[in-house]
Structure formats: C-alpha cells, structure tokens
Amino acid sequence: MVSPVGPIAPVTGPVAAPSTAASSPSGGFQSVFERAIAGVENLQQTADQGIERFLAGEGEELHSVAMATQKAELAFELFLQVRNKVVSAYQEIMRMQI
Amino acid sequence: MLDPVARSLERYMDLLATRQKLVASNIANAETPGYRTVDIDFESEFRGLVAGGQLRAVEVSGLEVNHDGNNVNLDREARLLAENGLRFQVAEALLKGQVQAVREAISGGGSG
Amino acid sequence: MSLFSSLSVSASGMAAERSRAALLVENLANAETTRTPEGGPYRRKDAVFAAEPAASPFGSAFANAIGAEGTGVRVAEVIEDTSAPERRYLPGHPDAGPDGYVAFPHINPAEDMVDLMSASRNYEANVAAIAAVKDMISHSIDLLR
C-alpha cells in the first residue's frame, strides 16, 4: 500500500524562538497526524505479516487474517477522509477575508 | 507499487493452479493401469526451498496400490479439488484488497 | 494458460469412462447371447486405459517438468475376453452342439455392474474437476474487475 503523504514540517527560523507559544498548537496537531500515520502503517504491517503466515501454513487462522486486513483498510480509509476534511477546512480558512 | 505481500499471494495462486491441474490429471487416470498419483510439495515450493526454477511433480507416498498398479484415491483428489479452490478464492480476495487499497490512495479517498 | 489445458485432461477422462461404460453396458445386454455374426457366443469386452500427455506445443524436453500440460487418458485398446466360454447342458437349445452343451458368454453380471458403477463415479469425478477448474478460472477473471 502506498504511504500517504505526510504533513509539511512547520517553518523554523528567526521566527522560531519567540513564538514557541504560537507554534505549539500546530506542533501538537502535527504529532497527532504523525501518530495516525504510524498507526495505519502498523495495522497494515500486522495484516501483511498475518497474510504471509497464513500462506506459509504457519497456523494463522483465516478469520484473523480477514479481520486484520479489514482493520487496516478501515484505518486507512478513515485517515484519508480525516486528511481530506482537514485540507478542505484549511482551504476554507485561507479563503476567509480578514 | 504493491506490497511484497502481493507477490506472495500471486505465487500462492500460481502453485494452487498447478496443483489443481495435477489433481485433474490424477482423476482422469483413476483407472489407468500403472498410473501413480502426482502432486507438488506445496509448502517447499511456496517457501522457495526447492532448487531450480521449474516446479517439480512428485509421486505421492502412502497411497494404496491396487492390483493394476494404480494408486489414485478419489477421496483424496476430491478433497484437494475443494481445498485448492477455496484457498485460491481467499488469495484472490486478499490480492484484490491490495489492489483496491492502492487505487484508493491514488484517488485520495474521493473527496480530496 | 495451463489451467485451460487441464479442462481437456478432464474431458479426456470423461470420454474414456464413457467408452468403458458403453462396453460394460454391451456386456450386460449380451450376457446370455449364444450366437454372434463371427460365430460362437458373445465375448466380454473391456477397455484398457493408458495415460497420455495432453496436447502441448512443447516436445518431450519438458515432459518431466510441470511445463507439460497435464496428463490425460485415452482408451489404448479394446480387448475381448479370450478365455473358454461357459458351457451349459441344454440339449434342446438351437445352438447346442452334438454333445448337448451350449456355449454361453463368460460374463459375471454382478462384476460388470460394479465396474459400471465405478466408471460412473469416475465420470462424475471428472465432471467435478472441470467445475473446480472453471471456478478457478472465473476467480482469476475476477481480479480484472
């Protein structure tokens, strides 16, 4: 499965030092995003490993494989939808006249 | 683009198709004098433990030979017909899921 | 694709079993036939099967590898029973010899019935094999959808 594109790292530079307070909300959000991606990756790997074990006849049960695969797929779909909502919310905000 | 799992699934399906072909041969020769049941060593072939690029047919041991020299056991072949078919379906469904996931990533979930 | 050739392997199995069944039915119908155009009583017939590699463009170089397209079956020959006929003492019978004995076919109907059931069961097994292979091919097509 293709890894979804991660968020762009926040800009650091001369602005960085005095504005730790300003950057922590975006830092907090970014880490949430990264954890979500890691979670999806993790489920995907678990599912893949389960499949390999099943194919090699190593005692993995079919229903476990099926559930693990479904979980990974759902997590990925959910992630995509959340990301899309975030992006469109961002775009809406950017369109607002101040 | 697809995970290595997809390659394993494909190989699994390859082996199952070959195995089914051999089962069909065994069934067709259920009454041929001197004919011995053939199969592939599925696990070894799948794990790549068998040397050489070609799959190898092996004679199945442990089957009773009748007075004609034939050792085909229809019950065994019928069981394998069903088992191979089901395993093939499982692998196909999983492989389809892999392809589907990539498609979804490409389309970005539809509303992106 | 090799799966398609296994369809013809199963078809050869069906044809062979059908031929055998036809001979067995002929035996049963003629279990009491004392008179044939060739002279003498009816002689029991049976089919001898032989394994035959399914048609393949490859030569015997690949015969041992599973590049070969599976092993079908054919009726190699039809053999006639050459053993002495069964003789029964029926002096009034039109086919009786000067000693009053009539030569009857050497057929055990019970045996041929069992063989007929076996041929029928094997025929069904080949039909099941065709269905299973057809299924597999269908599922492969599914991947394209």
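**View 1. Residues that bring helix 1 and helix 3 of chain B together.** In this contact, B:Val5, B:Ala6, B:Leu9, B:Glu10, B:Tyr12, B:Met13, B:Leu16, B:Arg19, B:Gln20, B:Val23, B:Asn26 and B:Ile27 of helix 1 of chain B meet B:Glu77, B:Leu80, B:Leu81, B:Asn84, B:Arg87, B:Phe88, B:Ala91, B:Glu92, B:Leu94, B:Leu95 and B:Gln98 of helix 3 of chain B. Two residues are in contact if their C-beta atoms, placed from the backbone, lie within 7 Å. Helices (H or I, at least four residues) and strands (E, at least two) are DSSP runs, numbered from the N terminus. By class, the contact of helix 1 of chain B with helix 3 of chain B has 14 nonpolar, 4 polar and 5 charged residues; Ala, Val, Leu, Ile, Met, Phe, Trp, Tyr, Cys and Pro count as nonpolar, Asp, Glu, Lys and Arg as charged, and the others, Gly among them, as polar.

The structure is a predicted model, in which local features need pLDDT of at least 70, side-chain atom pairs count only at pLDDT 80 or more, and totals for chains, interfaces and linings use all residues. Residues are numbered from 1 along each chain as its sequence is written, while chains are lettered from A and ligands numbered from 1 in the order in which they are written.

**View 2. Geometry of helix 1 and helix 3 of chain B.** The axes of helix 1 (residues 4-28) of chain B and helix 3 (residues 74-107) of chain B cross at roughly 160° and come within 9 Å. Axes are lines fitted to C-alpha atoms, for helices over the stretch in contact, and angles run from 0 to 180 degrees between N-to-C directions. Helix 1 of chain B is therefore roughly antiparallel to helix 3 of chain B (an angle over 145 degrees).

**View 3. Helix 1 and helix 2 of chain C.** Helix 1 (residues 2-29) of chain C packs against helix 2 (residues 109-142) of chain C at an angle of about 165°, and their axes are 9 Å apart. The two helices of chain C are therefore roughly antiparallel to each other. Their contact comprises 17 nonpolar, 7 polar and 5 charged residues.

**View 4. The contact between chain A and chain B.** Chain A contributes 18 residues and chain B contributes 18 residues. On the side of chain A that touches chain B, helix 1 (20-55) and helix 2 (62-95) of chain A are the elements that give two or more residues. Helix 2 of chain A supplies the largest share of that side, 9 residues. The side of chain A that touches chain B has 10 nonpolar, 4 polar and 4 charged residues.

Methods:
Angles under 35 degrees count as roughly parallel, over 145 as roughly antiparallel, 65 to 115 as roughly perpendicular and the rest as oblique.
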